[in-house]
Amino acid sequence: MKKKQSAAAKQKESKREILVESLKLPKDMMMGAFMLSMTGNQEAFIENYRGILEYSDTCILLQTKSGQVRFEGTGLIIEYYTNEDMKISGYIQSVIFG
């Protein structure tokens, strides 16, 4: 079940986004947003994730500050992960944001 943000929380987030934009600061660092880079459909690099929720050779589900990211495919493996970043490889058929 998703939590609904209050009007005050949305306004605070909006002000933060405006400040970050006006100062030309990187959103991933200032807002805690995740960064996703892919090399074809064989590799995915993700930064600023919060945790691993599900891990199998057909599905990897990650928690981020803004929601979840699901990688679906075949032969999926997490090649490495740290507190900040992760590399996923295999045949990635879809990436679903939710």
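Predicted model: local features only at pLDDT ≥ 70, side-chain atom pairs only at ≥ 80, totals over all residues.
Q: What makes up the secondary structure of the protein, and in which order do the elements run?
A: The protein has 2 helices and 6 strands. Read from the N terminus, the elements follow the pattern α-α-β-β-β-β-β-β.

Q: How is the sheet arranged, and what is the order of its strands?
A: The 6 strands form an open sheet with antiparallel pairing, in the order β1-β2-β6-β5-β4-β3. From one strand to the next, the twist averages 45°.

Q: Why are β1 and β3 called edge strands?
A: β1 (35-39) and β3 each pair on one side only, and they are the edge strands of the sheet.

Q: How do you know that β1 and β2 pair?
A: Two strands pair if DSSP finds at least two bridges between them. Here 5 bridges join β1 to β2 (residues 43-47), and the two strands run antiparallel; the pairing therefore meets the criterion. Among the facing residues, Thr39 stands opposite Glu43, and Met35 has Glu47 as its bridge partner in β2.

Q: What lies between the strands in the hairpin of β1 and β2?
A: The hairpin has 3 residues between the strands, and Gly40 takes a positive phi near 60° there.

Q: Why is Thr64 called buried?
A: Buried means under 20% relative accessible area. Thr64 has 1% relative accessibility, so the label applies. Thr64 belongs to strand β4 (residues 59-64). With neighbours within four places in sequence left aside, its contacts are Phe34, Tyr49, Arg50 and Val69.

Q: What share of the residues counts as buried?
A: Of the 98 residues of the protein, 24% count as buried. The accessible surface comes to about 6900 Å², and 54% of this belongs to carbon and sulfur atoms.

Q: What part of the contacts with a separation of 6 or more joins residues 24 or more positions apart?
A: Such residues account for 38% of those contacts.

Q: How do you know that Glu43 and Lys87 form a salt bridge?
A: The criterion is a side-chain nitrogen of Lys or Arg within 4 Å of a carboxyl oxygen of Asp or Glu. The closest N and O atoms of Glu43 and Lys87 are 3.0 Å apart, so the pair qualifies.

Q: What makes Glu43, Glu79 and Lys87 one network?
A: Glu79 and Lys87 also meet in a salt bridge, at 3.6 Å from N to O. Salt bridges that share partners join Glu43, Glu79 and Lys87 into one network. Glu79 has a relative accessible area of 44%, which makes this residue partly exposed.

Q: How far apart are the closest N and O atoms of the salt bridge between Arg70 and Glu72?
A: They are 4.0 Å apart. Both residues are partly exposed: Arg70 has 25% relative accessibility, and Glu72 has a relative accessible area of 28%.

Q: How many salt bridges does the structure hold?
A: The structure holds 4 salt bridges.

Q: Which residues form the nonpolar patch on the surface, and which strands each supply at least two of its residues?
A: The patch consists of Ile52, Tyr55, Ile77 and Tyr81, with about 410 Å² of accessible area together. β3 (49-55) and β5 (67-81) each supply at least two of the residues.

Q: Why is Tyr55 partly exposed, and what accessible area does a patch residue need?
A: Tyr55, found in strand β3, has a relative accessible area of 46%. This value is between the limits of 20% and 50%, so Tyr55 is partly exposed. A patch residue needs over 30%, so Tyr55 passes that cut-off too.

Conventions
Residues numbered from 1 in each chain as written. Heavy atoms only, no water. Patch = residues over 30% accessible without salt bridge, like charges linked within 9 Å, V, L, I, M, F, W, Y side chains within 5 Å. Areas by Shrake-Rupley, 256 points an atom, 1.4 Å probe, with all protein chains shown as cover. Helix = DSSP H or I, 4+ residues; strand = E, 2+ residues; numbered from the N terminus. Buried < 20%, exposed > 50% of the residue type's maximum accessible area, 1.4 Å probe, protein only. Axes fitted to C-alpha atoms, helices over the stretch in contact; angles between N-to-C directions. Contact = heavy atoms within 4.5 Å.
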